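User: I would like to learn how to read side-chain pairs and the nonpolar core in a model. Please give the general idea each time, then the case at hand.

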Amino acid sequence: MTTKINYNQIKGGCLNLLDFGADPTGAIDASSALQAALTAITAAYPETPALYIPAGYYKVNTPCVIGTEPTTEAHSNLTIFGDGMGSILYSTVAVAGLITVQGPDPVAGIRFDGRVHFHDLYFQGPTAAVGGNALKFYGCQGIRLDHLYIDYWDTGILSEIVDLF
């Protein structure tokens, strides 16, 4: 008898994009799975402050957002990571922020109080991109980027933030 244990069932373990139904072959759009995982990581904090995107080719044609929740405390020290150039998030259309990190209410001045760390991921845009961003940061602070590969985007990173390191 075999049983499947998801990463999120292990106390302190990270969430895994595959547990949300993402297709690692790129045949099926993984946008809804990625959005569900990003929403879950903020809801699970501090027990599960990380999202792992395993090696694969994930089609994301709809922008995904972190930061729509009503409180900023849920977003402290989140990590989104993969297996380097093997973890590919790609789009066949020019999206305005494949992943967008924004404060819950930027107009009112509510900002993130914590940090979001992206590392070891590959963002691939459409080859003829007119507009579109791999990552978009708006109304937040404390973003950390390490070992990211960004190809074929008009603007790879679009930011309006206080603290990018």
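User: Which residue forms a salt bridge with Arg144, and how far apart are the closest N and O atoms?

Analyst: Side chains of opposite charge can pair when their charged atoms come close. The criterion is a side-chain nitrogen of Lys or Arg within 4 Å of a carboxyl oxygen of Asp or Glu. Here Asp146 pairs with Arg144, and the closest N and O atoms are 2.7 Å apart. A search of the whole structure finds 1 salt bridge. This is a predicted model, where local features need pLDDT of at least 70, side-chain atom pairs count only at pLDDT 80 or more, and totals for chains, interfaces and linings use all residues. Residues are numbered from 1 along each chain as its sequence is written, and side-chain values use heavy atoms, with hydrogens and water left out.

User: Which residues does His117 touch?

Analyst: Contact means heavy atoms within 4.5 Å. Not counting residues up to four places away in sequence, His117 touches Leu78, Thr79, Ile80, Arg144 and Asp146. His117 lies in strand E8, residues 116–124; strands are DSSP runs (E, at least two residues), helices likewise (H or I, at least four), numbered from the N terminus. With a relative accessible area of 18%, His117 is buried.

User: How many aromatic pairs does a search of the whole structure find?

Analyst: A pair of aromatic rings is described by the distance of the centres and the angle of the planes. Rings of Phe, Tyr and Trp (its six-membered ring) pair if their centres lie within 6.5 Å; planes under 30 degrees apart are stacked, over 60 edge-to-face, the rest tilted. The search finds 4 such pairs. One of them, Tyr52 with Phe81, is tilted, at 5.2 Å centre to centre and 35° between the planes. Tyr52 in strand E2 and Phe81 in strand E5 are 29 residues apart. Tyr52 is buried at 14%, and Phe81 is buried at 19%. Tyr57 and Tyr90 are stacked, with 4.1 Å between centres and 15° between planes.

User: Which residues touch the most other members of the largest nonpolar core?

Analyst: In soluble globular proteins, nonpolar side chains tend to be buried together. A nonpolar core is a set of buried Ala, Val, Leu, Ile, Met, Phe, Trp, Tyr and Cys residues joined through side-chain atoms within 4.5 Å. The largest one has 33 residues, and Leu34, Leu51, Ile53, Ile80, Ile99, Phe118 and Phe123 touch the most other members. Helix H1 gives the largest share, 5 residues.

Conventions. Buried means under 20% relative accessible area, exposed over 50%, partly exposed in between (1.4 Å probe, protein chains only).
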